[in-house]
Structures are given as structure tokens and as C-alpha cells.
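Q: I am new to this structure and would like to learn how to read its features. Could you walk me through some of them?

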Amino acid sequence: MSTPERLGEILRNKGCLPAEWEASVAEVPRELFLPDLIETPRGVLSRAQDPEGWMTAAYGDIPVTTQVNDGAETTADAYRLPTSSSSMPSLMLEMLNQLNVQDGHRVLELGAGTGLNAAWLARRLGGDRVTSVEVDAELAERAAKNTQAAGQHPRIVCGDGANGWPADAPYDRVIATYTVPAISGAWVRQAPGGRIIAPWGNSFFSHSFAVLDVDGDQAHGAFTGYPAFMHDRANRPARGYLQDFLHHHDQASESLTGVSPLDIAHDSDALFYVSLTLPDAWHVEVPAVDGSDEVTWWLLADDRSSWAAADHVPGQQEYVIAQYGPRRLWDEVEDAWHRWNTIGRPKRDRARITVTASGQEVHWAAPASSPIPSS
């Protein structure tokens, strides 16, 4: 049978259950935070139709999508954008471990979601020391009911997480459970001397945790991990089917490049660097279906005005590039890739982030290079 004890066993076997969080995992049943219909890596599961499969998912170390398209009615052929979830428990614990919560701390969470993370924090610290802000009123109400059903009582409120929650400030720790393109100045002001962790990134690359310590009116930090979280709804990049972004095929221009598109697409350090100058486009890799091992790497502008296709053929030294629109997306990516090579191909863990009253800046630890604005 799948139980909280089973989830604890899975996490201990993976070496990702710190002793200080064992009671939260054991005493806060994840099933109380999930709707009867969930989406998992195995597909959609119904608690009524497949109770065993549903419970296995509830107490597995897997992410569970609990809302798509902001809860709107969705037709069968419509694009399904996940908009709320119960994150993979091991990833939640990775964030909490980086947050370095200590007994007696006051914590501000941005993005209540199902309420499970807030309940874990409340079990550890006490409900009066945890405030969780959720932008979706329906999700906020549901999260409050979920936490109460689990016997935990954090304060869950509806509001824009970018503003923090000044009524309960100051906080010792701030944790966001959705990807942000910039660290909010409100979080810095509301956590004097504290620590902030948030999934950080943009449309092009969003697989980083930014971990910052607050010093006076500034915060300084670095990047770590490889998370995948949903984006801040106020800054959510456009997504959809590939065909929704492609147009004017007959007007595309073609060229050749000696840069393999997969050398960029498969290097997270390169993608991180490129994303700092190309935050408003995204990419998707589409393999051929004929067994040729050929791949097309598509680059798509968020505003749908421009696109590029880079074709990778195994064994070739030159690659065909097709581009359309007012921007030459491949040229922008290749230029950024060359700059990254010129400064020594720095790894992401050399990047540093500073947040001040004027915004945020990403720069590189020694050997130093010029700061790259990223706000």
C-alpha cells in the first residue's frame, strides 16, 4: 500500500530526506492535497477508477499536475498548459534544504499551489510562522482547506506574490514555488538579513534555482540545481503547439552554419548564457520520425513574429538554417554562443546575481567579464 511511510522510504533510499523534515513528510499525508483527477508522467489518473494507481502516484516521488490552463474549460484538441501542481517531493526538499530553515524562523512562501509545501513548513515551524501567498483565488481557498484537513494551519492568502506579504513581515526566509524572471525587491525588503530561494529564468532557459542572502537593502547569490517549475503567471511566456508559431514558410531565408545546433541545445551552461541576451524566445527539439537520427532545433519568438529552424544531420559539418521574421533568431543565438566561447565557456555556477533597488544584475565570478543586465 502507498502511504506517507512509503514516500519517506523512497526519499531516504534516494538520500534526499533530511532528518529535520522527516516528521513533515511522515505526518502530512500528500493525498489530502491532490484532487481526484490528476495528471502524472504515466498519464491521467482517476481516484475513483484507479484507486491503486492514484495512491501510488500520490506517494511516489513524482510531480503531479493538478490544474491546466488556469482551470478553464479545455477542449480535447486544445493545448494543455500545466498551471498548478504538486511538485516532486525530492525537489521540494532540495529547495527547503537550500533555504536552510531553522527552528523559530518566519517563512514567506510565494505560490501556495496545493498547500503541501506550506503544510510541511507549518509542521516544522508552527502555522503562525508561515505565510503563503497564492495568486489564484480558487487555488488559495483549496490550499487552505487542504492544510486544515491535514491538521496544519499556515496563513494562506490570495495576492500577487511579487508584492510579498508586508502585513506579516519581516521574514527570515522567502521561498517561491514558481519560476520568476527577476527577484522581487519586495522580497528583499521583507526579509532583512534573510535568505531567498526561487526557481529563476526566462522563456529560453528556466532551469535554475537562484539562492540569495539579503544584506541591508541588497541581496547577493548564485545559481544551482536543475529544476522545472511553472512560470509566474504575470510573466508567463507564450506556449502552444509548434504549428501555432510557424508561418510564412515560403518567405524564409536559408543559410549554412558550421555550429552544430545540438552543441548549444544540449549544453545547459551555454543555454543559460544565451538566455541572458535572448529572454523572449524559446526552443524545442524535434527528432525525425524516420529513424535517421536527424533533428530540427526550432527557435520561436514569444511574440510569434519570428522563427528559425536549425537542422542537424549526423556526420555533417555544416547545418542548414531557415529563418523568418523581423528577428534572425538563429543569428542571435549563434552570436551569443560565440561570445560565451570567447570568454572561456563559463559554467553557470560561476554566475552571480545581485538585486538592488534599481533591479537585478547577473555577472560572472573571476575571471571577470562585463555584467549582463537581466531584469
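Predicted model: local features only at pLDDT ≥ 70, side-chain atom pairs only at ≥ 80, totals over all residues.

Q: Is Gln323 buried or exposed?

A: The idea is to look at the relative accessible area, where under 20% means buried. Gln323 has 3% relative accessibility, so it counts as buried.

Q: Which residues do ring pairs link into a cluster?

A: Look for Trp200, Phe205, Phe223, Tyr226, Phe272, Tyr273 and Trp364, which ring pairs join into a cluster.

Q: Where does the charged end of Arg124 sit?

A: Here the thing to look for is a charge over a ring. The charged end of Arg124 is placed over the ring of Trp21, 5.0 Å from the ring centre. In another case, Arg304 lies over the face of Phe245, 4.2 Å from the centre of that ring.

Q: How should I read a strand? Which residues of E8 are on each side?

A: Check the two faces in turn. Strand E8 (residues 173-176) has Arg173 and Ile175 on one side, with Val174 and Ala176 on the other. These residues are all buried, and both faces of E8 are covered.

Q: Which strands pair with E8?

A: Strand E5 (residues 107-110) runs parallel to E8, and four bridges join them. Within E5, Glu109 stands opposite Ile175 of E8. Strand E9 (residues 195-200) also pairs with E8 in the parallel sense, over three bridges. There, Arg173 has Arg195 as its bridge partner. With helix H7 (residues 185-190), E8 and E9 form a right-handed β-α-β unit.

Q: What about a loop? Where is Phe33 found?

A: Phe33 is in the loop between helix H2 (22-27) and strand E1 (37-40). Phe33 is buried, at 2% relative accessible area. Gly115 is 82 residues away along the chain, yet the C-alpha atoms of Phe33 and Gly115 are 6.8 Å apart. Beyond its neighbours within four places in sequence, Phe33 contacts Val28, Thr114, Gly115, Leu116, Ala119, Asn146, Thr147 and Ala150.

Q: And a helix? How many residues of H4 are buried?

A: An α-helix has 3.6 residues a turn, so residues three or four places apart point the same way. In helix H4 (residues 89-99), eight of the 11 residues are buried, so H4 is largely enclosed by the rest of the structure. Among the buried ones are Leu91, Met92, Met95, Leu96 and Leu99.

Q: What follows H4?

A: Asn100 does, with a positive phi near 60°.

Definitions and conventions
Residues numbered from 1 in each chain as written. Heavy atoms only, no water. Phe/Tyr/Trp six-rings, centres within 6.5 Å; stacked < 30°, edge-to-face > 60°. Lys NZ or Arg CZ within 6 Å of the ring centre and 35° of its normal. Buried < 20%, exposed > 50% of the residue type's maximum accessible area, 1.4 Å probe, protein only. Helix = DSSP H or I, 4+ residues; strand = E, 2+ residues; numbered from the N terminus. Pairing = 2+ DSSP bridges. Right-handed = clockwise from strand over helix to strand, strands pointing away. Contact = heavy atoms within 4.5 Å.
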